[in-house]
Amino acid sequence: MKLKIVQAGDPVLRQQSQSLSADEIKSASIRQLIDLMRETMRDTPGVGLAAPQVGTPIQLAVIEDRLEYMKDLSAEQLRERQRSPVDFHVIINPTISILGETSAEFFEGCLSIAGFAALVRRGVNVRVDCLNEQAEPVTIEAQGWYARILQHEIDHLTGTLYVDRMETRSFMTAENLNRVWKSRTIRQVRSALGIDV
Ligand code: ZN
């Protein structure tokens with residue numbers, strides 16, 4: 001069964017989500033929600049899905065970046081994005097710290113703003129303290145694309161969307177991103193879109 005992914009404009013995407021207690025995390029209803037969110041993320045497919053995106057304003061997100069999602073990216077694109085597979089996992093009640101000053105800008109999309117993308121600058125190194133699906137404390141240190149996914153998903157839990165952080169002139173359909181811009185460098189894209197010129 002695939003859950004319905006709510007789209008921009010639904011109030012649930014702009015709410016602060018509620019934290020979960022250890023008992024709630026271990027409950028049958030949360031276990032079922034995690035199973036359904038994993039299935040929905042894989043079916044869509046996506047690399048992350050936050051509970052508000054399926055209409056549930058709780059501080060929980062699922063993440064998984066699979067090798068098969070990287071087949072359309074060149075070795076050079078994977079290298080500059082610092083993107084490599086991330087196993088399925090659940091983050092609950094997360095707090096995130098951006099480590100250091102290093103940031104990177106790439107196109108990013110969201111399953112709740114389906115069919116669009118934009119350039120978003122994100123920290124390259126992050127630390128996340130959270131609970132896993134057994135309600136155990138976990139610290140994640142992440143770099144590159146995985147750090148971007150964590151920032152994007154944790155933003156959802158505070159009612160923030162990538163459009164709040166994007167380079168507005170770069171907002172475009174995913175179709176046009178693939179048709180016109182995909183193989184250009186970010187520097188070329190910025191120049192052609194009239195950003196910083
Ligand atoms: Zn999203």
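Reply: We go from the overall fold to the metal site, then to the backbone. Keep in mind that this is a predicted model.

Me: How many helices and strands does the chain have, and in what order do the elements run?

Reply: Count first, then read the order. The chain has six helices and eight strands. From the N terminus the order is α-α-β-β-α-β-β-β-β-β-α-β-α-α.

Me: What share of the residues is buried, and what share of the contacts links residues 24 or more positions apart?

Reply: Take burial, then contacts. Buried residues are 48% of the 197 in the chain. Of the contacts with a separation of 6 or more, 69% are between residues 24 or more positions apart. The accessible surface is about 10,000 Å², and carbon and sulfur atoms hold 48% of that area.

Me: Which protein atoms are donors of the zinc ion?

Reply: The protein donors are SG of C110, NE2 of H152 and NE2 of H156, at 2.0 to 2.3 Å from the zinc ion. Their spacing in sequence is C-x41-H-x3-H. C110 and H152 link distant parts of the chain, 42 residues apart. C110 sits in the loop between β4 (103-108) and β5 (116-123), while H152 belongs to helix α4 (residues 144-156).

Me: Is H152 buried or exposed?

Reply: Check relative accessibility against the cut-off. Buried means under 20%. H152 has 8%, so it counts as buried. C110 is buried too. Beyond its neighbours within four places in sequence, H152 contacts E108, G109, C110, R122 and Y162.

Me: Now the backbone. Which peptide bond is cis, with omega near -15 degrees?

Reply: Read omega for the bond. The bond from T44 to P45 is the cis one. P45 lies in the loop between α2 (28-43) and β1 (48-50).

Me: Where do Q82 and N93 lie?

Reply: Read phi together with the location. Q82 is a non-glycine residue with positive phi, near 50 degrees. Q82 lies in the loop between α3 (75-81) and β3 (86-98). At 41% relative accessibility, Q82 counts as partly exposed. N93 also has a positive phi near 50 degrees, but N93 is in strand β3.

Terms used. Residues numbered from 1 in each chain as written. Predicted model: local features only at pLDDT ≥ 70, side-chain atom pairs only at ≥ 80, totals over all residues. Heavy atoms only, no water. Donors = N, O, S within 2.8 Å, 3.2 Å for Na, K, Ca; no water. Helix = DSSP H or I, 4+ residues; strand = E, 2+ residues; numbered from the N terminus. Buried < 20%, exposed > 50% of the residue type's maximum accessible area, 1.4 Å probe, protein only. Contact = heavy atoms within 4.5 Å. Areas by Shrake-Rupley, 256 points an atom, 1.4 Å probe, with all protein chains shown as cover.
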